[in-house]
Amino acid sequence: MTAIAQTRPTLIGALWPARGNAVFRWVLLMIVGSLFIAASAQIAVPLPIVPITMQTFAVLMVGAAYGWRLGAATVAAYLVEGAIGLPVFAEFTAGLPVLLGPTGGYLFGFVLAAGAVGWLAERGWDRNIVTTALAMLIGNALIYLPGLVVLAGFVGADKVIEYGLTPFLLGDGLKLILAACLLPLAWRIIGADRTKM
């Protein structure tokens, strides 16, 4: 078996191994994760079209901590919560107009990012600063790609970088550094013996 195919437990898997009632564990973790993302979405700096929030940080952390399946499912559940009218998106917004509006591409990119970062975390990328930073960078790119494509349909290709990328680079860089420090630290705190489960 190659190194790329070998999986390791995620952070949540090391803290709460999947034993017993797996459905209860998944549902509870999805609720907790989606609440964390919703709360982080409210930590915002309003901008004309796309606000700066801690939402991307939460999405990437959930992906890394939960792994690709549970992470992507949690973010998808978050989108469903918003689609049915729960005020979980930035600035307590909700509904299909948000998902189909200028920021919708970023929201759908969250699912891709959580899945990708979770997949990398299952291969140990969340255990040191360098690979965690690379995983977060990949996750951010997967948020930006659909986000910018959708936003371009609203603001035009000539303005999409100005409105949808440039204002967020510094903040995303700081969030990336924070995640790159927190995840390896969390692994050290729980102890090396638990990471080999």
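1. Let's start with a helix pair. The axes of helix 2 (residues 22–41) and helix 4 (residues 68–83) come within 9 Å of each other and cross at roughly 60°. Helices here are DSSP runs of H or I with at least four residues, strands are E runs of at least two, and both are numbered from the N terminus. Axes are lines fitted to C-alpha atoms, for helices over the stretch in contact, with angles from 0 to 180 degrees between N-to-C directions. Helix 2 and helix 4 are therefore oblique to each other (under 35 degrees counts as roughly parallel, over 145 as roughly antiparallel, 65 to 115 as roughly perpendicular and the rest as oblique).

2. A word on the model: it is predicted, so local features need pLDDT of at least 70 and side-chain atom pairs count only at pLDDT 80 or more, while totals for chains, interfaces and linings use all residues. Residues are numbered from 1 along each chain as its sequence is written, and side-chain values use heavy atoms, with hydrogens and water left out.

3. Helix 2 brings Trp-26, Leu-29, Met-30, Gly-33, Ser-34, Ile-37, Ala-38 and Ala-41 to the contact, and helix 4 brings Arg-69, Leu-70, Ala-73, Thr-74, Val-75, Ala-77, Tyr-78 and Glu-81 (contact means heavy atoms within 4.5 Å). By class, the residues of this contact of helix 2 with helix 4 are 11 nonpolar, three polar and two charged. Ala, Val, Leu, Ile, Met, Phe, Trp, Tyr, Cys and Pro count as nonpolar, Asp, Glu, Lys and Arg as charged, and the others, Gly among them, as polar.

4. Next, please look at helix 6 (residues 104–121) and helix 7, which pack at an angle of about 160° with axes 8 Å apart. Helix 6 and helix 7 are therefore roughly antiparallel to each other, and helix 6 passes helix 7 in a right-handed crossing. Among the residues that meet are Gly-105, Gly-109 and Phe-110 of helix 6, and Met-136, Gly-139 and Pro-146 of helix 7. The contact of helix 6 with helix 7 has 17 nonpolar, four polar and no charged residues.

5. The whole structure holds one cavity of 30 Å³ or more. On a 1 Å grid over the protein atoms alone, a cavity is a set of points where a 1.4 Å probe fits but cannot get out; a pocket is an open set with protein on both sides within 12 Å along at least five of seven lines; lining residues have an atom within 4 Å of a point. The largest cavity has a volume of about 50 Å³ (the space filled by probe spheres set on the points, which are joined across faces, edges and corners). Its lining includes Thr-56, Met-136 and Asp-172, and helix 9 gives the largest share, four residues.

6. The largest pocket has a volume of about 370 Å³. Of its 22 lining residues, Val-50, Pro-51, Thr-53, Gln-55 and Thr-103 lie nearest its centre. The lining of the largest pocket divides into 12 nonpolar, seven polar and three charged residues.

7. The second largest pocket has about 270 Å³ of space. Its lining has 15 residues, with Arg-8, Thr-10, Tyr-66, Gly-67 and Glu-122 nearest its centre.

Key:
A crossing is left-handed if the near helix is turned anticlockwise from the far one by less than a right angle, and right-handed if clockwise.
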